[in-house]
Amino acid sequence: MKKKGVSLVLGCGGSKGPAHLGVIKALVEANFEIKEIVGTSVGALIGGLYAANPNVKEIEKILNSLDYRKLFRLLVGKPIKSGLINGEKYRKFVEDCCAVKNIEDTKIPFRAISCDLVRGKKYVFRTGPIATAICASSAIPAIFAPVKYKGKILIDGGALAPVAIEETRPKPGDKVVAVALFKHLFPKSYRQLSRANLGKIAFVSAQLAISNLSKQAIKKADVAILPEVEDINVLNFVKSKNYVEIGYQAMKAKIKELD
């Protein structure tokens, strides 16, 4: 018999995203039913893969298969003027990893959050190609090229909704669990920042906005999870494999709050 249902919100955070899988692992082990998943950026990647095929071991296998050579091949391609990474190889990787083609076919209801640069608004993928939704939600500005979709130019959802609790639709009695990966974004090293180039300053400025938006958003959750993940290179998914365990322990520490 299932315990209470959970609406799961997975926030942005680049390579810190494996912590999300640890949270899911702890919820599944504790016999909670994840009834819906809302994901932003890497939260859309991990959440989308799990919604399509609710199998933690399979996703862990994908993460563990990554080494620096594979990661380099996955991300490096011909740069274009709108981004250092054109995203074609990443999209193919997502398509190959997803068990379904469209969001409406996922086993768990799923929504991916992105930002539409044309209208200056949040755009929520509720239907359509799941690979497009994940790639748009995780198109980090200046790193990945924006995703063009139905007259929209879409980028990483973290710019407006890094932890999109407002998109959940919990049933009576269900709890909203939100996972934010900003805990150790600040303080920064004064020495390093004083020598930083324009790109680094712009990136840290974006982190500041995301951190503050996240802090406001998680106040609306029934249970907020802030895994003890360090701030590392945004694309270093090889180094962050151990973050699965950190997310797992963070969720276990708060599991009683769902009873």
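Contact here means heavy atoms within 4.5 Å. I'm jotting that down before anything else, and also that this is a predicted model.

**Entry: the whole chain**

I started with the overall make-up and found nine helices and ten strands. Next I looked up the extent of the C-alpha trace, which spans about 55 × 40 × 40 Å along its principal axes. How does the radius of gyration sit with a compact globule? For 259 residues such a globule would be near 18 Å, and the chain has 17 Å, so the two agree.

I then checked how much of the chain is covered: 53% of the 259 residues count as buried. The accessible surface comes to about 12800 Å². Carbon and sulfur atoms hold 56% of that surface.

I also looked at contacts with a separation of 6 or more, and 76% of them are between residues 24 or more positions apart. As for charges, I noted 42 positive and 23 negative ones, with their mean positions 4 Å apart.

**Entry: helix 2**

My next stop was helix 2, which is mostly covered. How many of its eleven residues are buried? I got eleven of eleven. Among them are Val42 and Gly43, then Leu45, Ile46, Leu49 and Tyr50, and also Ala52.

**Entry: Asn53**

I moved on to Asn53, in the loop between helix 2 (42-52) and helix 3 (56-64).

Which residues does Asn53 touch, leaving aside neighbours within four places in sequence? I wrote down Glu58, Ala99 and Lys107. I took a second look at Ala99: Asn53 and Ala99 are 46 residues apart in sequence, yet their C-alpha atoms are 5.9 Å apart in space.

**Entry: Asn236**

Last I looked up another loop residue, Asn236. I found Asn236 between strand 10 (223-225) and helix 9 (243-252). The relative accessible area of Asn236 is 14%, which is under 20%, so Asn236 goes down as buried.

What does Asn236 touch, not counting residues up to four places away in sequence? My list reads Ser15, Tyr68 and Leu71.

Technical notes: Residues numbered from 1 in each chain as written. Predicted model: local features only at pLDDT ≥ 70, side-chain atom pairs only at ≥ 80, totals over all residues. Heavy atoms only, no water. Helix = DSSP H or I, 4+ residues; strand = E, 2+ residues; numbered from the N terminus. Rg over C-alpha atoms; globule rule 2.2 N^0.38 Å. Buried < 20%, exposed > 50% of the residue type's maximum accessible area, 1.4 Å probe, protein only. Areas by Shrake-Rupley, 256 points an atom, 1.4 Å probe, with all protein chains shown as cover. Lys, Arg positive; Asp, Glu negative; His and termini not counted. Charge placed at Lys NZ, Arg CZ, Asp CG, Glu CD.
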